[in-house]
Amino acid sequence: MTSENPATTQVAAFAIGYTQYLDAEGHVRAPLPAFARDAAALREMYRTMTMVRAFDRKAVALQRTGQLGTYAACLGQEAVGTAIGLTLRHDDVYIPAYREYAANMLRGVPLQNVLLYWGGDERGMQFPEGTPSHNDFPFSVPIATHIPHAVGVAYAFKLRKQDRVVLASCGDGATSKGDFYEAISSAKVWNLPVVFLVSNNQWAISLPSSRQTGAQTFAQKAFAGGLHGEQCDGNDVIATREVLARAIERARSGGGPSLIEAVTYRLHDHTTADDARRYRSEDEVKAAWERCPIKRLKAHLVAQHGWSEADEVALNDEATANAEKIAQAFLAMPPDQPSAIFDSLYAKLPRQYEWQRDEVVAAGPKGGHH
Ligand SMILES: [Mg+2]
């Protein structure tokens with residue numbers, strides 16, 4: 001903006017950094033960070049994404065056959081969760097929305113817990129003691145309501161002088177909510193050790209990014225609050241991991257909060273209750289498959305690290321068997337007590353709910369499970 005008024009001063013100017021190492025074909029486009037020159041580390045990332053994709057496929061099949069409630073697939077977005085899970089430290093805290101299953105898995109959540117959750121069983125959100133996930137937050141289906149919680153947790157870490165970082169992830173749609181703006185604004189004012197990660201999968205259910213915001217990027221929303229903001233290719237697991245590692249280090253060393261926009265694509269319907277064919281074209285989805293995170297890392301592994309067809313078949317067999325095992329563990333879980341619905345909302349149950357709980361307990365369990 002220019003002005004004829006000499007009293008006008010320019011207060012801010014910005015460019016949006018965009019980090020990509022592997023392009024859609026798996027070609028290396030910039031000098032790789034150290035971890036990505038290690039074949040074992042690359043294989044670990046590839047293995048994680050493949051395991052989660054097989055799990056995701058199985059979860060959709062369970063829903064389609066009436067054995068699971070509504071499920072939000074992570075198809076096409078496996079790189080973001082993998083990068084989160086490999087970057088946070090054990091005693092950091094992860095505050096998720098609900099689609100980054102790779103992060104939950106890497107932090108120690110058995111994936112049958114994810115199925116329990118989508119099966120309406122709150123035991124799914126009880127994460128195992130002794131694992132990094134134990135202090136993580138449960139899934140948040142209400143959009144953006146968990147982002148201010150991240151600020152509160154980060155404030156506590158700063159107050160206690162603890163060397164811990166909070167990472168909160170959300171979708172593109174969440175960035176339009178007041179909660180989101182309140183959170184990023186407060187985080188910078190208090191210079192808190194928190195990273196906000198926006199998984200921009202191009203769609204908020206049926207609303208495209210172009211109708212979500214008038215801004216050219218979601219990352220630039222950081223600048224109004226004075227935060228660091230940048231984009232990465234969210235389908236390039238190396239780029240996402242590297243950019244997150246820098247943001248987490250910035251937070252840990254007192255450099256304050258960051259807003260990272262991981263540019264990805266939701267290849268599946270929003271959830272199993274949605275039919276994306278009603279609002280987006282087949283051509284768009286077909287083009288997005290070409291940018292898939294698994295395809296490009298495989299191409300890189302084949303070209304640079306001797307990944308063979310036998311390796312691929314063995315990994316896919318393992319992933320399919322693992323997904324089947326997870327499904328069986330879920331289906332074999334005995335149902336929770338019907339009174340469990342009263343257990344977690346209040347520290348002390350209000351009296352009117354005590355009566356209701358007592359009635360439920362007296363009536364006893366009904367019907368099948370899940
Ligand atoms: Mg979205």
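## Around the magnesium ion

Let's start at Gln202, which sits in the loop between β4 (194–200) and β5 (203–204). Keep in mind that this is a predicted model. The phi angle of Gln202 is near 80°, a positive value in a residue other than glycine.

Which residues coordinate the magnesium ion? They are Asp172, through OD, Asn201, through OD1, and Trp203, through O, at 2.1 to 2.3 Å. Written along the sequence, the spacing of these donor residues is D-x28-N-x1-W. Are Asn201 and Trp203 buried or exposed? Asn201 has a relative accessible area of 4%, so Asn201 is buried. Trp203 comes in at 8%, so Trp203 counts as buried too.

Move on to Ile205, in the loop between β5 and β6 (207–208). Here, phi is near 50°, again a positive value in a residue other than glycine.

## Where two helices cross

Now for a pair of helices: α1 (residues 39–64) and α9 (residues 237–252). Their axes come within 11 Å and cross at roughly 105°. Angles of 65 to 115 degrees count as roughly perpendicular, so that is how α1 and α9 are placed relative to each other.

What makes the contact? On the α1 side there are Leu42, Met45 and Met49, and on the α9 side Val237, Ile238 and Arg241. Sorted by class, the contact has five nonpolar residues, one charged residue and no polar ones.

Zooming out, the protein chain is divided into domain 1, covering 18–333, and domain 2, covering 338–370. How far apart are the C-alpha centres of the two domains? The distance between them is 34 Å.

One last stop is Ala332, in the loop between α12 (309–331) and α13 (351–363). Its relative accessibility is 62%, so Ala332 counts as exposed. Ala332 and Cys232 are 100 residues apart along the chain, and their C-alpha atoms are separated by 41 Å.

Definitions and conventions. Residues are numbered from 1 along each chain as its sequence is written. This is a predicted model: local features need pLDDT of at least 70, side-chain atom pairs count only at pLDDT 80 or more; totals for chains, interfaces and linings use all residues. Side-chain values use heavy atoms; hydrogens and water are left out. Axes are lines fitted to C-alpha atoms, for helices over the stretch in contact, and angles run from 0 to 180 degrees between N-to-C directions. Helices (H or I, at least four residues) and strands (E, at least two) are DSSP runs, numbered from the N terminus. Angles under 35 degrees count as roughly parallel, over 145 as roughly antiparallel, 65 to 115 as roughly perpendicular and the rest as oblique. Contact means heavy atoms within 4.5 Å. Ala, Val, Leu, Ile, Met, Phe, Trp, Tyr, Cys and Pro count as nonpolar, Asp, Glu, Lys and Arg as charged, and the others, Gly among them, as polar. Domain bounds come from an automatic or database domain assignment. Buried means under 20% relative accessible area, exposed over 50%, partly exposed in between (1.4 Å probe, protein chains only). Donors are N, O and S atoms within 2.8 Å of the metal (3.2 Å for Na, K and Ca); water is not among the atoms, so sites may look incomplete.
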